[in-house]
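Welcome, and thanks for taking a look at this protein chain with us.

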Amino acid sequence: MSRGFVREGDQEEPPMIPPRAALPEGVVNYVTPTGMEQLVHERERLQTEIKELTITDERERRRTLAVIEGKLKLLYERIHAARVLNPKEQPKDEVRFGAIIEIQNLDTKTKQQFTIVGVDEADVTKSKIAFVAPIAKAVTGAKIGETVDFKLGNEVRKLKILSISYT
């Protein structure tokens, strides 16, 4: 049918599917075992949401299903690309994926602790930083007592590695 015979009110805009956390092109999607569990749980939750959908308005139901199915598609891609790294198998004396580290800014003397995790697990409010974040990249490979340069814009901060642990 020609578009000339379609009423404007019948046009549905494609739903906006919120993007997942950014993972740079070509970067392996590393996840901790906990991160993989979270992804699988999210998949199960979305599948349950589809099964239990109670919307009766057909247009709204189609739209809601499209959003959930879009989220599931992105999630399946993320799970399929995931490579689980167990933090317990990392070198204990070096900052690597899954490390819980404490650092000190040598200029301000402030201390900070965070865990290096996958992009889907990252949550600044829980002190979980994605392995692709600039600060995680700056400290990766460092050992206890070492000082690393962390470039933040035009500023370079000296960070000392105080402790490294894995759980």
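## Overall layout

Please keep in mind that this is a predicted model. The protein chain holds 3 helices and 7 strands. Read from the N terminus, the elements follow the order β-α-α-β-β-β-β-α-β-β. The radius of gyration is 22 Å, well over the 15 Å that the globule rule gives for 167 residues, so the chain is more spread out than a compact globule.

The box filled by the C-alpha atoms, taken along the principal axes, is roughly 70 × 35 × 25 Å. Of the 167 residues, 31% are buried. If we take contacts between residues at least 6 apart in sequence, 58% of them join residues at least 24 apart.

## How the strands pair

Let us start with strand S3 (residues 100-105), which pairs with strand S4 (residues 111-117) in the antiparallel sense over 5 bridges. S3 is also joined to strand S7 (residues 155-165) by 6 bridges, and these two strands run antiparallel as well. S7 in turn pairs with strand S6 (residues 147-152), again in the antiparallel sense and over 6 bridges. Within that pairing, Lys151 has Val156 of S7 as its bridge partner.

The pairing of S4 with strand S5 (residues 128-130) is parallel and comprises 3 bridges. Here Ile116 finds its bridge partner in S5, namely Ile129.

## Gln104, between two neighbours

On one pairing, Gln104 stands opposite Lys111 in S4. On the other, its bridge partner is Lys160 in S7.

Is Gln104 buried or exposed? With a relative accessibility of 15%, Gln104 is buried, because the cut-off for that class is under 20%. Leaving aside residues up to four places away in sequence, Gln104 touches Lys109, Thr110, Lys111, Lys158, Leu159, Lys160 and Leu162.

Lys109 is exposed, with a relative accessible area of 54%.

Ser127 is another residue with a positive phi, about 60°, although it is not a glycine. Ser127 belongs to the loop between S4 and S5 and, at 31% relative accessibility, is partly exposed. The hairpin of S6 and S7 has 2 residues between its strands, and in its turn Gly153 has a positive phi of about 65°.

Glu146 is found in the loop between helix H3 (134-139) and S6. Its relative accessibility of 36% makes Glu146 partly exposed. Not counting residues up to four places away in sequence, Glu146 touches Gly141, Leu159, Lys160 and Ile161. Lys160 is also among the residues that Gln104 touches.

For a sense of distance, take Glu146 and Ile79, which are 67 residues apart along the chain. Their C-alpha atoms are separated by 35 Å.

The largest pocket holds about 190 Å³ of space. It is lined by 13 residues, and the closest to its centre are Thr32, Thr34, Pro87, Thr115 and Thr167. Helix H1 (33-51) and S4 are the elements that give two or more residues to this lining. By type, the lining of the largest pocket comprises 4 nonpolar, 6 polar and 3 charged residues.

The second largest pocket has about 160 Å³ of space. Its lining is made up of Pro19, Arg20, Ala21, Gly35, Gln38, Leu39, Glu42, Val119, Asp120 and Glu121. How do the residues of this lining divide into nonpolar, polar and charged? The second largest pocket has 4 nonpolar, 2 polar and 4 charged residues in its lining.

Note on methods:
Residues are numbered from 1 along each chain as its sequence is written. This is a predicted model: local features need pLDDT of at least 70, side-chain atom pairs count only at pLDDT 80 or more; totals for chains, interfaces and linings use all residues. Side-chain values use heavy atoms; hydrogens and water are left out. Buried means under 20% relative accessible area, exposed over 50%, partly exposed in between (1.4 Å probe, protein chains only). Contact means heavy atoms within 4.5 Å. Two strands pair if DSSP finds at least two bridges between them. Helices (H or I, at least four residues) and strands (E, at least two) are DSSP runs, numbered from the N terminus. On a 1 Å grid over the protein atoms alone, a cavity is a set of points where a 1.4 Å probe fits but cannot get out, and a pocket is an open set with protein on both sides within 12 Å along at least five of seven lines; lining residues have an atom within 4 Å of a point. Grid points are joined across faces, edges and corners, and a volume is the space filled by probe spheres set on the points. Ala, Val, Leu, Ile, Met, Phe, Trp, Tyr, Cys and Pro count as nonpolar, Asp, Glu, Lys and Arg as charged, and the others, Gly among them, as polar. The radius of gyration is taken over C-alpha atoms; the globule rule is 2.2 Å times the number of residues to the power 0.38.
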